[in-house]
Amino acid sequence: MVTSLLAFFVSQQPTCCPPTMAEFATDPAFVVLHLAPLPFHFVAQTGKNATFGVDGEKEGTGFFVPAEKGNHVGIVLIHEWWGLNDYIRKTAESLHAKTGYAVLAVDLYEGKVATTGADAGKFMQEVDSTRAKAVVKAAVKALRSGSLGSRSTKIGSVGYCFGGGWAYNTAVEGSRGVQACVMYYGMPDTSPLALSELKAPVMFVHPKRDQFINDGVVKRFEAAMKSIKNPFETYHYDADHAFANPSNPRFNKEAAADAEKHELAFFKKYLG
């Protein structure tokens, strides 16, 4: 049944695939949506920089916040296009403080942090998808194994912009090992292979004024999730791309708080 549904969905797809986030990086209109991050210095309270093994490759890197005692949920968090900066470290600690979950913020730029749109676009384009898929898969494994200091029996993923797409890829690569995925305005992979591996319910945060992750992207994604009967929730906001990023001078505090409320409820529903 799943195979036949996938075949039907593929038959309904446009002959030209939508662009990837990396391709957006060359579009000046996309670059200007991301204003330079506001100055911010974060001193870690509960988290620390960490490394984890990646099968047959060099170690992955990130920022890890261990779970509260007795809590066995872990979240893989993926940064937006600026990289794993202090804002993302703060987001990891904040998510932990509100849930008690372990949080592993994975660094897909592997040490590079952008402060200009030109560098951010360059770093995003330089990400090797094969390597990145291996890293996010290993991040799920690290949380499950307890190699970072706390063992998680249920796993979720969350990310923003570039990281929204990679939160989805984390759920695809982790397959049955990931039980919930939250995407903030990221590009989903709705290829037959990705859909066949995805097992996690997905929550999608959509800024209605986003010209790139636009209504067409969302409708295709909704159709894909329906075709495989995958639980899917979409929350629409009268806002621009990157509205939930506190480093953005155009940060929409009210919309971001509402999206986070739904994110936490979604994780609670599927992860406990």
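A cavity here is a set of grid points where a 1.4 Å probe fits but cannot get out. With that in mind, welcome to this predicted model, where the largest cavity has a volume of about 30 Å³. The chain has a mean pLDDT of 91, with 93% of its residues at 70 or more.

**Confidence**

- Residues 1-18 are the stretch to read with care, as pLDDT stays under 50 there.
- For those residues 1-18, the model has 17 contacts beyond four places in sequence.

**The β1 and β2 hairpin**

- The partner of β1 is β2 (residues 57-65), and the two pair in the antiparallel sense over six bridges.
- Two residues lie between these strands in the hairpin, where Gly56 takes a positive phi near 70°.
- Across the pair, Val54 stands opposite Glu57 in β2.
- Elsewhere in the pair, Ala50 stands opposite Gly62 in β2.

**Helices on the sheet**

**A loop residue to look up: Gln179**

- You will find Gln179 in the loop between α7 (162-174) and β6.
- Gln179 and Ile155 are 24 residues apart along the chain, yet their C-alpha atoms are separated by 5.7 Å.
- Beyond its neighbours within four places in sequence, Gln179 is in contact with Arg144, Thr153, Lys154, Ile155, Ala200, Pro201, Tyr270 and Leu271.

**The cavity**

- The count of cavities of 30 Å³ or more comes to one.
- The lining of the largest cavity is made up of His34, Glu80, Tyr160, Cys161, Tyr185, Ala242 and Asn245.
- By residue type, that lining of the largest cavity divides into four nonpolar, two polar and one charged.

**The second largest pocket**

- The second largest pocket holds about 510 Å³ of space.
- This pocket is lined by 19 residues, and the closest to its centre are Thr91, Ala244, Pro246, Phe251 and Glu260.
- α4 (86-99) and α10 (253-271) are the elements that give two or more residues to the lining of the second largest pocket.
- The most comes from α4, which gives seven residues to that lining.
- The lining of the second largest pocket divides into 10 nonpolar residues, three polar and six charged.

Conventions: Residues are numbered from 1 along each chain as its sequence is written. This is a predicted model: local features need pLDDT of at least 70, side-chain atom pairs count only at pLDDT 80 or more; totals for chains, interfaces and linings use all residues. Side-chain values use heavy atoms; hydrogens and water are left out. On a 1 Å grid over the protein atoms alone, a cavity is a set of points where a 1.4 Å probe fits but cannot get out, and a pocket is an open set with protein on both sides within 12 Å along at least five of seven lines; lining residues have an atom within 4 Å of a point. Grid points are joined across faces, edges and corners, and a volume is the space filled by probe spheres set on the points. Helices (H or I, at least four residues) and strands (E, at least two) are DSSP runs, numbered from the N terminus. Ala, Val, Leu, Ile, Met, Phe, Trp, Tyr, Cys and Pro count as nonpolar, Asp, Glu, Lys and Arg as charged, and the others, Gly among them, as polar. Two strands pair if DSSP finds at least two bridges between them. pLDDT is the predictor's confidence in each residue, from 0 to 100. Contact means heavy atoms within 4.5 Å.
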